[in-house]
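These are my notebook entries on a structure that I looked up. I begin with charged side chains, then turn to rings, a helix and the surface.

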Amino acid sequence: MVQLVGSLRKELADSLSTCKVLVVGAGGIGKSLLIIVNVCFLQIDLDTIDVSNLNRQFLFQKKHVGKSKHRFVAKESALQFCPTANITAYHDSIMNPDYNVEFFRKFMLVMNALDNRAARNHVNRMCLAADIPLIESGTAGYLGQVTVIKKGLTECYECQPKPTQKTFPGCTIRNTPSEPIHCIVWANIFSRCRSEVSPDTADPEAVWKPEEAAARATASEKDGDIKRVSTKDWARSTGYDPVKLFNKTHLTQTSLFKDDIMYLLTMDKLWKKRKAPTPLDWQQLENREESPGSGLKDQQVLGVWGYCQLFQHSVETLRTQLQEKGDGAELVWDKDDPPAMDFVTAAANLRMHIFSMNMKSRFDVKSMAGNIIPAIATTNAVIAGLIVLEGLKILSGEVESCRTIFLNKCPNLRKKLLVPCVLDPPSANCYVCASKPEVTVKLNVHKTMVLSLQDRILKERFGMVAPDVQIEDGKGTILISSEEGETEANNSKFLADFGIRNGSRLQVDDFLQDYTLLVNVLHTEELERDVEFEVVGEAPDKAPPPQSNQEDVNSITNGNKDSAQPSTSSKARAEDDDIMIVDSDEEGASSSAAAGTAATPSGTKRKHSDAETGETSIKRPRTDQSGAAADNDDDDDIIALD
């Protein structure tokens with residue numbers, strides 16, 4: 001007869017009393033895990049608590065805002081629920097070199113509760129190197145997902161390629177916005193004064209003669225040509241006067257919503273296939289009567305004059321805050337700071353109106369400007385419970401019975417919200433967990449610097465922490481060393497300066513991650529504007545010939561299907577809208593990187609938000625199942641390129 005300790009078999013209960021579990025992340029899911037799990041528990045998180053965290057879990061309260069998630073709140077709060085738990089909390093980054101492979105080997109199980117791709121990639125590689133089971137998870141609104149990663153048995157987190165972050169060329173942001181997100185990014189940039197927001201005269205699409213534009217500007221403005229000045233310097237010179245920011249008041253100054261727009265109109269080639277923008281004038285808008293909005297304040301969409309007043313009030317408040325800080329001080333933008341958020345909301349909506357777009361509520365603008373992925377405490381609690389159930393299988397030695405489990409927004413045809421799927425085997429083409437990881441990178445060896453190879457390609461694109469690079473040239477030339485000072489002199493040199501050409505091979509090692517990657521270099525001079533490199537395939541057998549027409553993995557997204565014509569300064573490739581069908585109680589193989597399911601009769605897969613980060617994964621078609629629909633809006637990361 002099986003002996004039970006509570007609801008667990010005695011053998012499993014005894015194992016739990018001595019096992020050590022590492023939880024990475026202390027957000028919504030991580031906090032729920034603290035409440036549920038009663039084992040020897042070590043949790044690592046770098047973040048402090050902000051206002052937007054309060055709706056994601058049950059432990060944090062308003063009084064905790066600004067404190068460390070772990071050291072000051074997590075442990076104390078969790079012990080109130082489970083006084084016997086043995087919890088060690090660290091306020092630190094999991095990518096700290098102190099947390100090496102030997103550190104990971106101390107644990108029987110690792111649970112991820114992260115919200116960014118870089119940390120997920122790193123933990124994935126550390127668990128593969130240490131051969132420790134990893135439970136990956138995440139949520140997005142009502143959707144959630146849990147999956148198990150075990151070296152050699154299942155695919156890893158990076159087996160399925162993730163799309164790169166959406167980026168927008170600077171000329172689109174400054175000259176031809178066609179979507180609300182373009183206007184929000186523009187307002188966000190100006191609020192931080194971190195880049196230029198005036199019209200981009202270098203836009204390759206605006207093939208116009210400067211002398212003609214000057215003549216047109218003279219014709220449209222009695223005072224004549226407009227001298228372009230730095231936005232930051234100009235704003236400071238106005239004394240941050242909201243009306244001056246709005247309208248032109250001096251020959252050497254320009255305004256956000258009037259003169260800048262009139263200047264754009266002189267670039268007439270931009271408007272041959274688009275609806276031209278309409279400048280705004282403060283005096284003409286002043287005291288315009290508008291009906292008050294209805295509903296919650298944050299969800300109201302105001303009129304044009306309402307946003308003018310909000311713009312004025314926010315600028316005056318921010319100016320006062322800056323003056324209180326003293327000379328030379330700068331304000332730090334924070335999505336939870338009301339005046340800062342009011343400024344972005346007002347400026348973005350006024351620009352939307354100028355470019356004939358539907359304006360957005362403060363709630364919508366904050367979600368996009370702050371890259372906020374919707375999170376709900378109950379969804380996080382459900383996913384935390386599923387993590388624990390999969391963890392119990394692993395600790396019982398039953399890894400083969402683990403499943404990828406999807407939490408859907410709506411029941412499927414079998415009236416199930418939770419859909420388990422068989423774990424997929426490792427991908428032979430994965431550049432992380434394959435036996436000999438290899439990848440081909442297309443770049444211009446005469447324009448790509450060593451520093452760009454290190455930071456943009458190896459660290460940012462391939463998720464390495466401290467890469468060492470050796471050229472396979474028969475000499476063992478060290479191109480990049482993780483040891484400080486050894487190869488810094490190489491940073492400003494081009495790859496071609498070291499004899500790297502089409503077909504060269506680079507051996508890259510990250511000793512912290514115990515990870516080796518062979519990089520094949522494919523030289524090209526035909527990269528699109530603002531594209532530094534492209535990844536060709538995931539693990540090619542060899543570098544493809546120069547004439548090979550491979551898909552661009554690192555494309556720039558621009559424009560809108562149902563709005564004005566997008567900027568053609570950089571070509572955009574539309575993403576395939578695949579549909580993933582998962583409707584059986586059990587199971588059928590399913591990629592572990594998905595975060596939700598949706599169904600159509602076509603039997604293809606749809607890409608869904610990757611838990612908490614808003615990322616999606618490329619899926620393989622499946623025709624052996626049928627399912628029901630579950631809606632999900634993808635939330636994309638926002639980066640403006642200038």
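I took a salt bridge to be a side-chain nitrogen of Lys or Arg within 4 Å of a carboxyl oxygen of Asp or Glu. With that rule I found Asp298, Asp342 and Arg362 linked in a network of salt bridges. The count for the structure comes to 13 salt bridges.

I note the conditions of the work. This is a predicted model, in which local features need pLDDT of at least 70 and side-chain atom pairs count only at pLDDT 80 or more, while totals for chains, interfaces and linings use all residues. Residues are numbered from 1 along each chain as its sequence is written, and side-chain values use heavy atoms, with hydrogens and water left out.

**Overall figures.** I recorded 17 helices and 19 strands; these are DSSP runs numbered from the N terminus, helices being H or I of at least four residues and strands E of at least two. Of the 642 residues, 53% count as buried. Buried means under 20% relative accessible area, exposed over 50%, and partly exposed in between, with a 1.4 Å probe and protein chains only. I also looked up contacts (heavy atoms within 4.5 Å). Among contacts with a separation of 6 or more, residues 24 or more positions apart account for 68%.

**Salt bridges.** I examined Arg120 and Glu136, whose side chains meet at 2.7 Å, N to O. Arg120 is buried at 0% relative accessible area, and Glu136 is buried at 1%.

I then turned to Arg505. Its salt bridge with Glu438 has the closest N and O atoms 3.6 Å apart, and it links strand β15 with strand β12, 67 residues apart. Arg505 also meets Glu472 at 3.5 Å, N to O; Glu472 lies in the loop between β13 and β14, 33 residues from Arg505. Which of these residues are buried and which partly exposed? Glu438 counts as buried at 12%, whereas Arg505 is partly exposed at 30% and Glu472 is partly exposed at 41%.

**Rings.** I counted 9 aromatic pairs in the whole structure. Rings of Phe, Tyr and Trp (its six-membered ring) pair if their centres lie within 6.5 Å; planes under 30 degrees apart count as stacked, over 60 as edge-to-face and the rest as tilted. Tyr431 and Phe462 are edge-to-face, 5.2 Å centre to centre with 85° between the planes. Tyr431 is buried at 6% and Phe462 at 0%. Elsewhere, ring pairs link Tyr99, Phe103, Phe104 and Phe107 into a cluster.

I checked for charges over rings (NZ of Lys or CZ of Arg within 6 Å of the ring centre and within 35 degrees of the ring normal). Lys20 lies over the face of Phe107, 5.4 Å from the ring centre. The charged end of Arg351 sits over the ring of Trp186, 4.3 Å from its centre.

**Helix α17.** I listed its buried residues, among them Leu453, Ile457, Leu458 and Arg461. What covers the buried residues of α17 includes β12, β13, β14 (477-480), β15 (505-510) and β17 (533-536). Gly463, which follows α17, has a positive phi near 65°.
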